[in-house]
Amino acid sequence: MPELPEVETIVRELDPALAGRRIIDVRVFRQNALGDCPPAEFRQALEGRTFEGVQRRGKFLIFRLRPAGFLIGHLRMTGKFILSGPLEAPRIHDRVWFGLAGGGLMVFQDMRCFGTLQVVDSLGESASLARLGKDPLSPGFSTRWLAGALAASRAPLKHWLMDQTRVAGLGNIYVAEILFQAGLSPVRPGASVGLEEARRLQRATRQVLRKAIRYNGTTISNFRRVDEKTGQFQALLKVYGKAGEPCPVCRTPIGRLRQQQRSTFYCPSCQV
DNA sequence: AGCGGAACCTGTCGGC
DNA sequence: TGCCGACAGGTTCCGC
C-alpha cells in the first residue's frame with residue numbers, strides 16, 4: 001500500500017511520538033518480517049535502546065537508536081505502525097510489539113506478511129537502502145537530472161518511475177497520478193521525453209507528492225496512520241482505479257492496461 | 001538494458 | 001451457500 005506520501009505521513013507522526021522513548025519489551029508473534037534474524041536476536045538488539053528519531057528514505061522507515069544502531073522497516077503492501085496503549089493480547093495481524101518505557105506500544109501489523117524489519121549497526125549494512133535512487137523530494141531531483149537520466153533509457157515511463165533504483169518512493173498509484181498531471185503517456189520510452197516534458201514531469205511529481213502528504217496519504221483499503229485514521233488523498237485521485245469513468249479534464253473514459261503485471265490507469269486523450 | 005514470470009502471504013470480490 | 005479465479009498499493013530473483 002504505502003508509497004512515499006504514506007510513509008512520510010507515518011514518519012511525521014512517529015518521530016515526535018517516539019523520540020526519547022526507551023524500548024523495554026519486544027514481542028515477536030510472527031517472524032516473517034525479520035528475515036533470517038532469529039526473534040531472540042532481534043529482541044536482544046532492541047531492548048534497552050532508545051528511539052532517537054524516525055526518518056524516511058524512499059519507502060523505507062529508518063528509526064535511529066541510542067546509543068547506536070538503526071531499525072529499518074518497510075511496509076510493503078499491508079504493513080502498519082500503530083501507536084497503542086497497553087494491550088492484553090495480540091490482535092489478528094499484530095506481528096511485533098515494541099513495548100515502551102512509560103507504558104504503551106508501537107505495534108507492527110501486517111496482514112500479508114510482506115513487510116520487513118531489520119536492525120543494523122550502520123545504514124551501510126542495508127543492501128536495499130544502498131540500491132535506492134534519487135528521492136523525488138530531495139534537491140537532487142531536478143529537471144536537469146531527470147532529463148539526463150530519462151534520455152539514457154528506453155523503458156516506458158511507468159516502469160521507469162516505479163524503479164526504486166532510479167527514483168525512490170513512487171508506486172503504482174502515484175505514478176498514475178503524476179503521469180496524468182504531467183500529460184505524459186505511461187508507455188512513452190524515457191528517451192522520448194524532451195526537456196519541456198521533463199520539466200512538467202518534475203513539477204507534477206513534486207506537486208502530487210506534496211499534496212498527498214498534506215492529505216496524509218491515500219487509503220484505498222489498508223493504509224492507516226499511526227492512530228489508525230485513514231488518509232484523505234483518495235478523494236483527490238484523478239485516474240487511479242477509475243477505468244471507464246470520465247477524465248476530469250476532457251471527459252474521455254479513463255483507460256486501463258497492464259504493464260509489469262500491474263494495472264496502469266491513464267487518460268488516452270490527455271496523456272500523449 | 002529490459003521484460004516476463006514467479007515467489008513471498010492473506011484477504012476480498014465477482015461470477016457461476 | 002460454496003467454490004474458484006482474479007486481483008490487491010511492493011520488492012527481488014531468475015532466465016531470456
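In what order do the four strands of the open sheet run? The order is S1-S6-S7-S5, and the pairing is antiparallel. This is a predicted model, where local features need pLDDT of at least 70 and side-chain atom pairs count only at pLDDT 80 or more, while totals for chains, interfaces and linings use all residues. Residues are numbered from 1 along each chain as its sequence is written, and chains are lettered from A and ligands numbered from 1 in the order in which they are written.

**The sheet**
- Strand S1 (23–28) and strand S5 (79–84) are the edge strands, each pairing on one side only; strands are DSSP runs (E, at least two residues) numbered from the N terminus, and two strands pair if DSSP finds at least two bridges between them.
- Strand S6 (residues 94–100) and strand S7 (residues 105–110) run antiparallel and are joined by five bridges.
- One of the residues to look for is phenylalanine 98, whose bridge partner in S7 is methionine 106.

**Two packed helices**
- Helix H4 (residues 143–151) packs against helix H7 (residues 195–214), with the axes 9 Å apart; helices are DSSP runs of H or I, at least four residues.
- Thr143, Leu146, Ala147 and Leu150 of H4 meet Leu195, Ala198, Arg199, Leu201 and Gln202 of H7, where contact means C-beta atoms, placed from the backbone, within 7 Å.

**Around the DNA**
- DNA strand B is surrounded by residues including Asn32, Arg112, Phe114, Arg154, His159 and Gln261; a residue is near a strand if its C-beta atom, placed from the backbone, lies within 6 Å of it.

Conventions
Axes fitted to C-alpha atoms, helices over the stretch in contact; angles between N-to-C directions. Contact = placed C-beta atoms within 7 Å.
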